[in-house]
Amino acid sequence: MGILSPEHLVPLALLVVAAAAFCIAARRAPGRGTEVLAAIIAVAIVATELSWQPYVLANHSWSIAFSLPVQLCDVGGFVAAAALLWRQALLVEVAYFWGLGGTVQALLTPDLRDHFPSFPYLQFYATHDLVVLAALFLVIGLGLQPRAGAVRRIFLLTLGFAGVIGLIDLTTGGNYLYLRQVPAQESLLSVMGPWPWYIVVGALLTLIVLTVLDAPFRFSRRRGY
């Protein structure tokens, strides 16, 4: 699937429109309707994330090396759903930083060979769009901002998560989190050098991205907003 093709741009446009509409609605009319909307997004995330498992089982293509829901976007999706339902501060921070720092990159350079209207295509964009939508809805629509020290917390948590996924890769022979090789499709990782240097560069870039994403809130915290 070509980058900047209609198949790529239409889901991105739908995400922008939905995020703007949902966040504006939540800001203008907070209350019962907003709570229902948050719950709907949460249920939709979990349903679309879990839908992959029966699909690969039905197609006899399930594999422990490729089918576990342990990619950053998968786990971030479940965390985002939990954040929408329970609003716990750390869950919100993970949903925001992983959603905008990781899932957006996956949407911009999708590792996807399938085309519309195949199930893999629809499932990929539905899950990734919903995760980003949840992140924006939490911090803009609901006004739940990251706390002081969020960059350090999420960076260390992300490193710990990568360590766990590295052990899963060693055990299963998989390439979850692309820790063993870069995606087949062109992505940001493709220009970060050979293994293992792209992992080191990726970690440094992660810290930079987290800092940038936290910048608006750091300013508001200093101003006492």
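Which residues does leucine 107 touch, not counting residues up to four places away in sequence? The legends below begin with that view. This is a predicted model, with residues numbered from 1 along each chain as its sequence is written. Local features need pLDDT of at least 70, side-chain atom pairs count only at pLDDT 80 or more, totals for chains, interfaces and linings use all residues, and side-chain values use heavy atoms, with hydrogens and water left out.

**View 1. Surroundings of leucine 107.** Leucine 107 touches His8, Leu12, Leu15, Phe124, Tyr125, His128, Asp129 and Val132. Contact here means heavy atoms within 4.5 Å.

**View 2. The largest nonpolar core.** This core has 47 residues. A nonpolar core is a set of buried Ala, Val, Leu, Ile, Met, Phe, Trp, Tyr and Cys residues joined through side-chain atoms within 4.5 Å. Buried means under 20% relative accessible area, exposed over 50% and partly exposed in between (1.4 Å probe, protein chains only). Ile41, Ile45, Leu84, Tyr96, Phe97, Leu107 and Phe137 have the most contacts inside the core. Two or more residues come from each of α1 (6–28), α2 (32–50), α4 (72–86), α5 (89–108), α6, α7 (150–172) and α8 (197–223). Helix α6 gives the most, with 11 residues. Helices (H or I, at least four residues) are DSSP runs, numbered from the N terminus.

**View 3. Helix α6 and the glycine after it.** Glycine 143 follows α6 with a positive phi, near 70°.

View 4. Helix α2 has 19 residues and reaches 27 Å from its first C-alpha to its last. That is close to the expected 27 Å, taken as 1.5 Å times one less than the number of residues. Its buried residues are Thr34, Leu37, Ala38, Ile41, Ala42, Ile45, Thr48 and Glu49. They lie on the same side of α2 because they cover an arc of only 140° around the axis, judged by directions from the helix axis to the C-beta atoms. Their cover includes α1, α3 (52–58), α4 and α6. The face turned away carries the exposed Arg32, Gly33, Ile40 and Val43.

**View 5. Leucine 37.** Leucine 37 sits in helix α2. Leaving aside neighbours within four places in sequence, leucine 37 is in contact with Phe22 and Phe137. Its C-alpha is separated by 35 Å from that of isoleucine 168, 131 residues apart along the chain.

**View 6. Where α4 meets α5.** Residues of α4, including Leu72, Cys73 and Val75, meet residues of α5, among them Leu91, Val92 and Trp98.
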